[in-house]
Amino acid sequence: MAGRDVTRTIEAVWRIESARLIAGVAHQVRDVALAEDLAQEALVAALEQWPESGVPDNPGAWLMATAKHRGIDRLRRAEVHQRKIEELGREAELRSPADDDLAAGADDPFDDDLLRLIFTACHPLLPTNARVALTLRLLCGLTTREIARAYLSSESAVAQRIVRAKRTLSAARVPFAVPGRRELNERLASVLEVVYLIFNEGYSATAGERLIRPELMEEALRLGRILAELLPRQAEVHGLVALMELQASRTRARISPSGNQVLLLDQDRSRWDWLLVGRGLAALERAYATGGPIGPYTLQAGIAACHARARAAEDTDWERIVALYDGLAQLMPSPVVELNRAIAVGMAFGPQAALEIVNRLQEEPALDSYHLLPTVRGDLLEKLGRPAEARAEFERAARLTPNSRQRVALLDRAAACASQR
Amino acid sequence: MRVMVLIKATEQSEAGEMPSQELLEQMTAFNEELVRAGVMLDGEGLHPSSTGVRVEFSGSERKVIDGPFAETKELLGGYWLWQVKSMDEAIEWVKRIPNPTGEHGVVELRPVFEAEDFGEEFTPELRERERQLRTQTPESA
């Protein structure tokens with residue numbers, strides 16, 4: 001231990017313990033905002049005392065005991081004491097039998113609290129960016145500064161968002177509970193959406209210099225893996241984990257040495273992370289093994305798995321991918337899903353079949369200025385030996401794309417079509 | 001980051017003594033905790049070095065040497081591969097490894113190289129070979 005800073009040890013303990021700490025205290029005080037304050041107070045106490053006293057043998061238990069003592073002090077002092085006791089009674093009634101049923105996969109009482117904390121932080125009452133910030137703060141133990149840095153936002157903006165979110169939860173008297181069966185699907189969808197949003201911001205950053213933010217991908221993966229253990233019977237949780245593991249496995253192959261994005265079929269598959277591929281395929285198997293209803297995450301993971309199983313791009317099982325897209329299009333019909341389905345149809349059954357789908361999509365107002373539609377159409381027309389029409393499509397796509405590197409590539413293709421005549 | 005956690009062999013592990021029921025139970029609980037925290041990527045225990053083999057390289061010569069090997073302190077008894085935020089987080093987890101008998105043991109932590117760290121030495125051809133090797137193992141991991 002000599003030479004290693006106690007502060008860094010405390011940061012590491014916080015990383016491991018903070019979510020359970022906040023969840024455990026929230027169980028006692030029935031208020032997530034207050035629980036986080038108390039957990040922060042315990043952290044401050046550790047920062048003051050541990051450099052003198054040394055790190056306790058069980059640092060998690062020390063933090064929990066300290067936070068709970070402060071909680072009791074506060075409740076005693078505050079006049080809200082009586083109200084809290086009444087609330088406790090009220091919540092005991094509110095707790096539906098489904099609460100216990102759902103959490104039955106977890107035999108550790110702390111796990112139940114963790115699950116309650118996740119559902120509270122991701123409550124649909126909150127705007128999406130507040131859910132994201134609150135989740136990173138309460139469940140990943142990130143500081144406001146770390147969240148601000150990850151999202152290229154100012155610290156004060158993130159802090160304000162978190163304060164407002166906590167106030168909203170308190171004002172709405174959101175119970176510290178796992179939702180009952182009737183609400184479960186909607187509430188779980190909200191949780192999974194938050195995790196996937198965090199992952200996607202890491203996987204294809206919407207702002208800034210870097211194309212990816214591995215730290216956000218890692219936080220999302222960790223959250224997903226934790227959720228899969230807390231809710232082992234929910235197929236979509238495993239489906240989301242599978243999707244994230246499989247997408248993350250391609251990170252290294254997605255960016256060329258010159259910094260450009262490399263399309264899936266052009267990627268050097270030897271650069272994929274095969275440990276993550278194996279984990280992703282195993283998570284997908286777990287999703288199907290639950291026997292529960294399959295949703296969009298599992299279907300998308302199934303598509304990603306078809307690519308992962310192919311040693312080379314030309315080995316891809318496109319017919320299976322088409323079938324999975326058929327399922328996806330039924331579950332969440334959208335022009336973008338339909339366009340992706342068309343690409344798969346083209347690979348499986350030839351360009352003519354795909355062109356028919358794409359032609360139908362041309363009337364879709366949502367895709368009016370979406371550069372991928374003319375890109376795909378141009379590609380199909382070129383394959384069908386219609387270079388003049390293909391060229392017009394590539395030129396249209398070049399006008400629509402926001403990315404300058406893509407524009408150059410599309411104009412190159414247009415020029416290549418022109419010379420084919 | 002990924003950290004390889006190397007558990008050094010002990011006289012007991014080298015003698016092929018199976019861990020006590022108590023240790024097994026505590027280790028199972030610890031492993032479950034690692035999984036629930038989203039930290040565990042992989043991990044296994046190793047048979048004693050008496051079942052192991054070394055291949056010594058010298059010029060074009062390849063000499064195969066059967067175990068056991070003498071220097072117990074330098075041998076491995078098992079390993080984990082963890083996904084953590086920092087070496088400090090890995091250290092905190094290592095401190096929690098159960099040790100009910102209180103016997104002396106050593107655990108070594110090593111950050112794992114990412115492919116990028118190899119630079120140009122790790123060519124696409126080498127990567128392809130490595131991938132083929134990896135994918136020959138069953139996908140049950």
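What pattern does chain B follow, read along the sequence? Chain B runs β-α-α-β-β-β-β-α-β-α. This is a predicted model, where local features need pLDDT of at least 70 and side-chain atom pairs count only at pLDDT 80 or more, while totals for chains, interfaces and linings use all residues. Residues are numbered from 1 along each chain as its sequence is written, and chains are lettered from A and ligands numbered from 1 in the order in which they are written.

**Chain B**
- You'll find four helices and six strands here (DSSP runs numbered from the N terminus: helices are H or I with at least four residues, strands are E with at least two).
- Of the 141 residues in chain B, 14% are buried (20 or more other C-beta atoms within 10 Å of a residue's own, with C-beta atoms placed from the backbone).
- Take the contacts in chain B with a separation of 6 or more: 75% of them join residues 24 or more positions apart (a contact puts C-beta atoms, placed from the backbone, within 7 Å).

**Domains of chain A**
- Chain A splits into domain 1 (1-94), domain 2 (102-206) and domain 3 (233-310), with bounds from an automatic or database domain assignment.
- Between domain 2 of chain A and domain 3 of chain A, the C-alpha centres are 24 Å apart.
- Seven residues of domain 2 of chain A are in contact with eight of domain 3 of chain A.

**The core**
- The largest nonpolar core holds 127 residues (buried Ala, Val, Leu, Ile, Met, Phe, Trp, Tyr and Cys joined through C-beta atoms within 7 Å).
- Helix α1 (residues 6-29) of chain A gives this core its largest share, 12 residues.
- A:Ile22, among the residues with the most contacts inside the core, touches partners including A:Ala35 and A:Leu138, leaving aside residues up to four places away in sequence.

Conventions:
Two residues are in contact if their C-beta atoms, placed from the backbone, lie within 7 Å. A residue is buried if 20 or more other C-beta atoms lie within 10 Å of its own, exposed if 12 or fewer, and partly exposed in between; C-beta atoms are placed from the backbone.
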